[in-house]
Amino acid sequence: MKYLLLLAVDGPPGALVDPAGADTQSAMAQHQTVRLGLEEAGVWCGGEALQPATSATGLRIRDGRVVLHDGPTVGSTDLLVGYYLVDCDDLDHAIEVSARIPVAEHGTVEIRPVREQAVAMQGPAP
């Protein structure tokens, strides 16, 4: 079963500071190590870091009109900073994989099963 592992940290929307900073480089090296291990285990399906929440654009349709707004759209102090997509045997396996992710030490990894019935989302574009 596929799981989306949402990586979140607590902080202001611009919190993901300098990509060249020592702390960021160390965290990226840790993520690289985890990714390589997951690839070797055959469970890695993909994943990426996200730009800071301040770069987000929210979209809603209200009364048939598109309404846009800048910044994060989810009402939380946690900021999504990246994701892993993994194919695990079960939830216990997904938990074991999630415990390897460096963000878990200071943030949260939300483990979300991917719906297998998302056929409507896979059809041709309108």
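View 1. Leu 68 belongs to strand 4, where strands (E, at least two residues) and helices (H or I, at least four) are DSSP runs, numbered from the N terminus. The model is a predicted one, in which local features need pLDDT of at least 70 and side-chain atom pairs count only at pLDDT 80 or more, while totals for chains, interfaces and linings use all residues. Residues are numbered from 1 along each chain as its sequence is written, and side-chain values use heavy atoms, with hydrogens and water left out. Leu 68 counts as exposed because its relative accessibility is 55%; exposed means over 50% relative accessible area, buried under 20%, and partly exposed in between (1.4 Å probe, protein chains only). Together with Leu 59, Ile 61 and Val 66, Leu 68 makes a nonpolar surface patch of about 420 Å². Strand 3 (57-62) and strand 4 (65-70) are the elements that give two or more residues to this patch. Patches are made of residues with over 30% relative accessible area and no salt bridge, nonpolar side chains (Val, Leu, Ile, Met, Phe, Trp, Tyr) being joined within 5 Å and like charges within 9 Å; the areas come from the Shrake-Rupley method with a 1.4 Å probe, and for residues only the protein chains shown count as cover.

**View 2. The chain as a whole.** The protein chain has two helices and six strands, and from the N terminus on these elements run β-α-β-β-β-β-α-β. Of its 126 residues, 24% count as buried.

**View 3. The aromatic pair of Trp 44 and Tyr 84.** Rings of Phe, Tyr and Trp (its six-membered ring) pair if their centres lie within 6.5 Å, with planes under 30 degrees apart counted as stacked, over 60 as edge-to-face and the rest as tilted. By this rule the count comes to one aromatic pair. The pair is formed by Trp 44 and Tyr 84 and is edge-to-face, at 5.2 Å centre to centre and with 75° between the planes. It links distant parts of the chain, since Trp 44 lies in strand 2 (residues 44-49) and Tyr 84 in strand 5, 40 residues apart. Tyr 84 counts as buried because its relative accessibility is 5%.

**View 4. Salt bridges.** A search of the whole structure finds three salt bridges, each a side-chain nitrogen of Lys or Arg within 4 Å of a carboxyl oxygen of Asp or Glu. In one of them, Arg 35 meets Glu 39 with the closest N and O atoms 2.4 Å apart; both residues lie in helix 1 (residues 22-41), four residues apart, about one turn of the helix. Arg 35 is partly exposed, with a relative accessible area of 22%, and Glu 39 is likewise partly exposed, at 37% relative accessibility. Glu 96 forms a salt bridge with Arg 100, the closest N and O atoms being 2.6 Å apart. The side chains of Glu 110 and Arg 112 also meet in a salt bridge (2.4 Å, N to O), where Glu 110 is partly exposed at 34% relative accessibility and Arg 112 is partly exposed with a relative accessible area of 43%.

**View 5. The negative surface patch.** Asp 87, Asp 89, Asp 90 and Asp 92 form a negative surface patch. Asp and Glu count as negative and Lys and Arg as positive, while His and the chain ends are not counted; the place of a charge is taken as CG of Asp, CD of Glu, NZ of Lys or CZ of Arg. Asp 90 is found in the loop between strand 5 (78-87) and helix 2 (91-98), and counts as partly exposed because its relative accessibility is 37%.
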